[in-house]
Amino acid sequence: MAFFVILAIQVFGIVNTAKSAGNPLAPSLNILALLLLLSWAVYDTVWVLGEEGLGAMSVSLEVGFIVLADIVSKIAYGLYLIFVVLPQKEEGSAEEETSLV
């Protein structure tokens, strides 16, 4: 859980840096940060409620939630980045950049 808190502080620090720099992609980065943190919170919650933690759910239900979390945290994150964030970046500047921040 401590790692999750440190991760949240770091991720929102990057988003705040983008906002303070006036980056037009800051709202999209905020959505990406929320998607990342919420999908990662599912892993912790499922582990606590699963067989290894409290034993409140069966192994098959635990695996189902992990699969759904994998789909959201990897595929949805990537698709949002490709189809929403990167086209905004191409419209906003003609110079080549190596970072979204």
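How many helices and how many strands does the protein chain have? The predicted model, whose residues are numbered from 1 along each chain as its sequence is written, contains 3 helices and 0 strands, where helices (H or I, at least four residues) and strands (E, at least two) are DSSP runs numbered from the N terminus. Local features rest on pLDDT of at least 70 and side-chain atom pairs on pLDDT 80 or more, while totals for chains, interfaces and linings use all residues; side-chain values use heavy atoms, with hydrogens and water left out.

Along the sequence, the pattern of the protein chain reads α-α-α. Of its 101 residues, 24% count as buried, a class defined by under 20% relative accessible area, with exposed meaning over 50% and partly exposed lying in between (1.4 Å probe, protein chains only). The accessible surface amounts to about 6700 Å², and 71% of this area belongs to carbon and sulfur atoms; such areas come from the Shrake-Rupley method with a 1.4 Å probe.

Two packed helices are described by the angle between their axes and the distance between the axes. For helix H1 (residues 2-20) and helix H2 (residues 26-49), the axes come within 9 Å and cross at roughly 175°; axes are lines fitted to C-alpha atoms, for helices over the stretch in contact, with angles from 0 to 180 degrees between N-to-C directions. H1 is therefore roughly antiparallel to H2, a term applied to angles over 145 degrees.

Contact, meaning heavy atoms within 4.5 Å, joins residues of H1 including Phe 3, Leu 7 and Val 11 to residues of H2 including Leu 29, Ala 33 and Trp 40. By class, 16 nonpolar, 1 polar and 2 charged residues make up the contact of H1 with H2; Ala, Val, Leu, Ile, Met, Phe, Trp, Tyr, Cys and Pro count as nonpolar, Asp, Glu, Lys and Arg as charged, and the others, Gly among them, as polar.

Beyond its neighbours within four places in sequence, Val 11 is in contact with Ala 33 and Leu 36.

Gln 88 lies in helix H3 (residues 59-92) and counts as partly exposed because its relative accessibility is 31%. Residues up to four places away in sequence aside, Gln 88 touches Leu 25 and Ser 28. The C-alpha atoms of Gln 88 and Pro 24 are separated by 8.3 Å, although these residues are 64 residues apart along the chain.

Definitions and conventions:
Angles under 35 degrees count as roughly parallel, over 145 as roughly antiparallel, 65 to 115 as roughly perpendicular and the rest as oblique.
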